[in-house]
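Dear colleague,

Here is the structure I said I would pass on. My notes on its contents follow below it.

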Amino acid sequence: MQLRRFIISTQNQVCNTPAMETTGEEETKLIQLGIEEEGGGKERDLLSDEEGMILDKSDDTSDDEGEIEAEIQRLEEQLSINAFDYNCHVDLIKLLRQEGKLHRLRKARLKMSELFPLTEELWLDWLKDEIKLAEDVPERERMYELFEKAVKDYICPDIWLEYAQYSIGGMGSPGGIEKVRTLFERGLSAVGLHMVKGAALWEAYREFELAIMSSLQPVPGDVVTPEQQELLNTQLERINSLFRRQLSVPLMDMDATYEEYSEWTEGAVPKMVSQSYKRSLQQMEIIKPFEEALLLAEAPKLAEYQSYIDCEVKDGDPARIQIIFERALVENCLVPDLWEKYTTYLDRHLKLKDVVLSAHERAVRNCPWTMTLWKNYLLALERHSTDHSTVAYTFEKSLHAGFVQATDYVEIWHTYLDYLRRRVDFSKEWSKELDELRGAFSRSLEYLKDIEDRFSGSEDLSCTIMQIWARIEALHCRNMQKARELWDSIMTKGKAKYANMWLEYYNLERSYGDSLHCRKALHRAVQYTSDYPEHVCEVLLTFERVEGTLEDWDSALLKTESKLSRVSEQRARTAEKEANQVKHEEVKAEERRRVKANKKTLKKSHKSKYTAEKRKAEKDDIYEASELPLKRHCGDGDPEGVETEAGQFGLEEPHHKDIGNFGAANRNQQVQPEATRIKHEATQDKWQDNCSVFISNLAFTLQNPEEQLGTIFQTCGTVKQVRPIFSGHGTFRGYCYVQFQDPLAVAEALKLDRQELEGRPMFVSPCIDKKKNQDFKVFKYSPSLEKHKIFISGLPYTCTQQQLEELFKPHGTIKATRLVTNRSGKPKGLAYVEFANEAQASQAVLKMDGMDVQNYTISVAISNPPGRKMETTSGKQYKSMPPQQTHGASGLCSGRGQGSWAQKVGGEVAHRSPFSHAPCIDSWYQSQQQQMEPGSSHLQ
């Protein structure tokens, strides 16, 4: 209504001038001129109001001006460091607007709009501020540009309404009325279907046309000319059309619009309009629940919008689907899936270039980190035949978008390379587009190397791009040499073990290459493939059946049989290893269950026995108190009699093997009877070190170690006693002592050192008390330089002692060989070979160092162990000089055995661990109580 009054007042001013006698066109011009003058005056008033507001505000806030200026400078400095701080931009604009610093405010707004889409509130504040300052025509044109930028960020009815109302002020310019109408039509296309806010723009448009209608009405008493009547009829049809179009759209307050139309037509509403109005009401009833849900929901209302969108998609009206998407995006602008769903719908159904590309551009501005949006944007640009420079510029922007995954960069490069490939005319031998394509491929490989460094742990990213490049070179350019070079690069990057990669290369050669390179590719595939070797072997044999000679067939058959044999052996070892591992886990689980059960049983037994012995001790005290005076009275007061009485009352010696009773007996036995102590010392005197050996590295799971070890060592001589060591909980600790009748049997027993018992090598060593023989050394290998002995590292774990001898036999007379193993008897890939003299050992180093053995590169050097840790009498350990460098022909040990000598010969160094057992400990019970682990421990 204000708009109508504004135009009617302009009409009255024009009617009171002599220009009323002019023609209709001249009248229209005068009307436009009057509107322009009125609008210009209004802008000047707004400008003066703005200036007054700024002055008043400056007076009111003069005290805080310094603090606000400091805060503004801080925000500007922060933005110079991080231009993508959204909140900092908003705070800076707010302060600058508050202080009225218009030049800096405009600059801040422009900078933010270049980086981010602005919200509806930010745009409206900016537009209203600029409108108050726009005076002349150039300023008005700049405002039009600013409005155009605003309506592109989001589809907002309020911005379109502000735009339309501002454009009315320019009606006085040539074609001004038509420009306003065009702008209203654009606004209706954009937001006219907005159910909540769309009616405001319809009404503004209608008010504008009604005002024009009022200006065309003749003065009462004047005769209407045919030209004037034609203008009136045309204007009436425009207004009728606007009413009909608005009533066909489901909008809020449709009833009021229908009543206004009825009044305007004096009750003669056409039937067609009534039917269209009823259909709109029915449609509004369908979507009304969704609107109510949006009204009640809290932001961002994503679920409610999704339901609304699904409903509109089923209905199938593209315009309504577009507007509901736009409404959802205003509140969910940072949801990539919503943008992707919207742009996909536009690509497949609407297909309008301006609408589609605008949506894609807004999508990547709001969610630049989403690769899929950039990919779809590039495809849309190509689909709508956008110029190459725009596509290339968009692609370069995508590379700086900050994707969250390394594979996103691969995918965006694929999209751009596909675009460049489609531009090339391969019928020409050379073209600028082909050079650009090859340059882009090369650049992509270099770029992805940097991405691999940035995303640590990512796989080879350039493989798929090189595959595509190779196929393009082979198929379109007939350049198989370049294709082969690319495939060689692919295979050297760790892809040679995959059968599918070799078969793809073979198919490329089969299609565009020759038989020679096909055969070569298949032979290499058989050699390097590890995942599906049988399939590759079958392809090779099939190829030779079709194209090969007899020699080719024999060569292929030999190669495939050798490969499959190695694969079978490897799989068997793997299966055995897995089976042993499963068995080991089962044994460990069973042992844990058994230990837990024994622990529970022992706990109950200790508790019951402790209670019984406590009660027995109390009874003994009472009995002795009643009897001892009688003994003394009878004259039996000698000490021997007292000991006899103590023996009569049940103090017995605990059994050696009853570990459970030992703890209770030790707690209750406060005064040991003399007879028992004498008997125990007599038992200790029977143990002889020179008739005994110490056994270690036994499995904890041995069920009956006494019987099993007695059976093994009875071949060495008469076994007098086998004494296994148990923990306080009754579990076997993995070592024991064996005593023979004859000292000569010890030498025979030592020959059983490293014999396997239940899958583990047992270590046999003499039984020496180190406290009495501190200079005794168990380590039987020389710790100094041995020029006639060589050290080998990097051996296959499957290498046997016989294979080791066969390997080094050609270089001299072998006196001894030794494979280093771990405690469980498994090889460590290390070995020693002793030759007859130094010359033979040096010759073996020269010939064998760096040789490949079963796909393993071995290192060979003269044996030169480093210094050992020395133990002083005070118990402290001191390190000797730094380890000597293991040297030989090559100077260093390389390959899998690299590192310090101690790491390479871990088994041998471990074999030197101190020997510290004492076979005759003061008492058997004391050894059990302290849970000592005496004896020499062979770790090798």
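Glu237 is partly exposed, with 43% relative accessible area (buried means under 20%, exposed over 50%, partly exposed in between, with a 1.4 Å probe and protein chains only). The side chain of Glu237 meets that of Arg244 in a salt bridge, 3.0 Å from N to O; a salt bridge here is a side-chain nitrogen of Lys or Arg within 4 Å of a carboxyl oxygen of Asp or Glu. Arg244, at 26%, also counts as partly exposed.

Before the rest, the basis. This is a predicted model, in which local features need pLDDT of at least 70 and side-chain atom pairs count only at pLDDT 80 or more, while totals for chains, interfaces and linings use all residues. Residues are numbered from 1 along each chain as its sequence is written, and side-chain values use heavy atoms, with hydrogens and water left out.

Salt bridges

The structure holds 40 salt bridges. One of them joins Glu396 and Arg443, at 2.7 Å from N to O. Glu396 belongs to helix H19 (residues 388-399) and Arg443 to helix H21 (residues 432-454), so the pair ties together parts 47 residues apart in sequence (helices are DSSP runs of H or I with at least four residues, strands runs of E with at least two, numbered from the N terminus). Both ends are partly exposed: Glu396 at 28% and Arg443 at 36%.

Arg142 and Glu130 form another, with the closest N and O atoms 2.7 Å apart. Arg142 sits in helix H7 (residues 137-153) and Glu130 in helix H6 (residues 120-131), twelve residues apart. Glu130 is buried, with a relative accessible area of 3%, whereas Arg142 is partly exposed at 25%. There is also a network of salt bridges linking Glu69, Glu76, Lys101 and Arg104.

Cavities and pocket

On a 1 Å grid over the protein atoms alone, a cavity is a set of points where a 1.4 Å probe fits but cannot get out; a pocket is an open set with protein on both sides within 12 Å along at least five of seven lines; lining residues have an atom within 4 Å of a point. Grid points are joined across faces, edges and corners, and a volume is the space filled by probe spheres set on the points.

Helix H5 (102-115) gives the largest share of its lining, four residues. By class, that lining has three nonpolar, no polar and four charged residues (Ala, Val, Leu, Ile, Met, Phe, Trp, Tyr, Cys and Pro count as nonpolar, Asp, Glu, Lys and Arg as charged, the others, Gly among them, as polar).

The largest pocket holds about 2,100 Å³. Of its 41 lining residues, Arg573, Thr574, Glu576, Lys577 and Lys826 lie nearest the centre. Helix H27 (550-633) and helix H25 (515-528) are the elements that give two or more residues to this lining, and H27 gives the most, with 17. The lining divides into eleven nonpolar, 15 polar and 15 charged residues.

Sheet

Four strands form an open antiparallel sheet in the order E8-E9-E7-E12; two strands pair if DSSP finds at least two bridges between them. Strand E8 (814-821) and strand E12 (859-863) are at the edges, each with a single partner strand, so one side of each has no neighbour in the sheet. Strand E7 (residues 786-793) is joined to E12 by five bridges; Ser793 has Ser859 in E12 as its bridge partner.

Regards
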